[in-house]
Amino acid sequence: MKHIKNLVFDLGGVIMNLDVPKTILAFKELGIDNIVNDTGHQYQHSFFYNFEIGEISEAQFLKALKHLSNQSLHDEQIIHAWNKMILEMPQDRIAFLQSLHPNYNLFLLSNTNSIHQKKYLDAFKKEHQTSFNQLFKKAYYSHEIGIRKPDEAIFHYILKDSNLKAEETLFIDDSFSNLEGAQKSGIHTFHVQNYNTKDIVALLDAEA
């Protein structure tokens, strides 16, 4: 992996802390149960993924969740529960990204949705008085471009849209399936475990 010029970061699990079980528990309290499979890593209902690629609106997503409950729910209750999984972006990770700017082009690639996006963008701006997206040359969000990881097409999209060479690009994610999608497009990959960016530092130092 010599001559890496472009770093493409995942968001949740790499830059931002996530706690999906918090949302699962909050949904249970609203009478919404069995939303994930036995592994806890995949949603049972396709509308979750449709929302991630912008095929359905926020109103349609919230309506679908209401149908899963035996309670009479308000939109605000569901949004609050849905956002429970969104935690902080530790300052050391933000500083790490900023330290990379002199030597690399930084990009973001996230499977996300409009409700979660508003939550973390607003929180970041409130804390840092600047836009989170300004940390990157460009931020790519699944619900805005209509494709999600691990679909190989999303990696080809980024390469073409930002005029990048796959052999000069490193994709950093905490999901093996997402890494495999990137590898199919010729992009180099790195697996982050337990939100540990120190391994990324070691890798890039070795590249220097």
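Is Y120 buried or exposed? In this predicted model, Y120 counts as buried, because its relative accessibility is 3% and the cut-off for buried is under 20%.

**The Y120–Y141 pair**

Y120 pairs with another aromatic residue, Y141. Their ring centres lie 6.4 Å apart. The aromatic pairs in the model number 16.

**Helices α1 and α4**

Helix α1 covers residues 20-29, and helix α4 covers residues 75-82. Their axes are 8 Å apart and pack at an angle of about 150 degrees. That angle is over 145 degrees, so α1 runs roughly antiparallel to α4. On the α1 side, the contact involves T23, A26 and F27. On the α4 side, I78, A81 and W82 take part. Sorted by class, this contact has five nonpolar residues, one polar residue and no charged residues.

Two of these names come up again in an aromatic cluster: F27 and W82.

**L204 in helix α10**

L204 sits in helix α10 (residues 198-207). What does L204 touch, leaving out residues up to four places away in sequence? The contacts are L7, L100, Y104 and L170. L204 is buried, with a relative accessible area of 5%. I4 is 200 residues away from L204 along the chain, yet their C-alpha atoms are separated by 8.7 Å.

**T189 in strand β5**

T189 lies in strand β5, which spans residues 188-191. The T189 side chain makes a polar contact of 2.8 Å with the side chain of Q183. T189 has a relative accessible area of 18%. The cut-off for buried is under 20%, so T189 counts as buried.

**Burial values**

| Residue | Relative accessible area | Class |
|---|---|---|
| Y120 | 3% | buried |
| L204 | 5% | buried |
| T189 | 18% | buried |

Notes: Residues are numbered from 1 along each chain as its sequence is written. This is a predicted model: local features need pLDDT of at least 70, side-chain atom pairs count only at pLDDT 80 or more; totals for chains, interfaces and linings use all residues. Side-chain values use heavy atoms; hydrogens and water are left out. Helices (H or I, at least four residues) and strands (E, at least two) are DSSP runs, numbered from the N terminus. Buried means under 20% relative accessible area, exposed over 50%, partly exposed in between (1.4 Å probe, protein chains only). A polar contact is a pair of N or O atoms within 3.5 Å; within protein, one must be able to donate a hydrogen and the other to accept it, and residues adjacent in sequence count only if both atoms are side-chain atoms. Axes are lines fitted to C-alpha atoms, for helices over the stretch in contact, and angles run from 0 to 180 degrees between N-to-C directions. Angles under 35 degrees count as roughly parallel, over 145 as roughly antiparallel, 65 to 115 as roughly perpendicular and the rest as oblique. Contact means heavy atoms within 4.5 Å. Ala, Val, Leu, Ile, Met, Phe, Trp, Tyr, Cys and Pro count as nonpolar, Asp, Glu, Lys and Arg as charged, and the others, Gly among them, as polar. Rings of Phe, Tyr and Trp (its six-membered ring) pair if their centres lie within 6.5 Å; planes under 30 degrees apart count as stacked, over 60 as edge-to-face and the rest as tilted.
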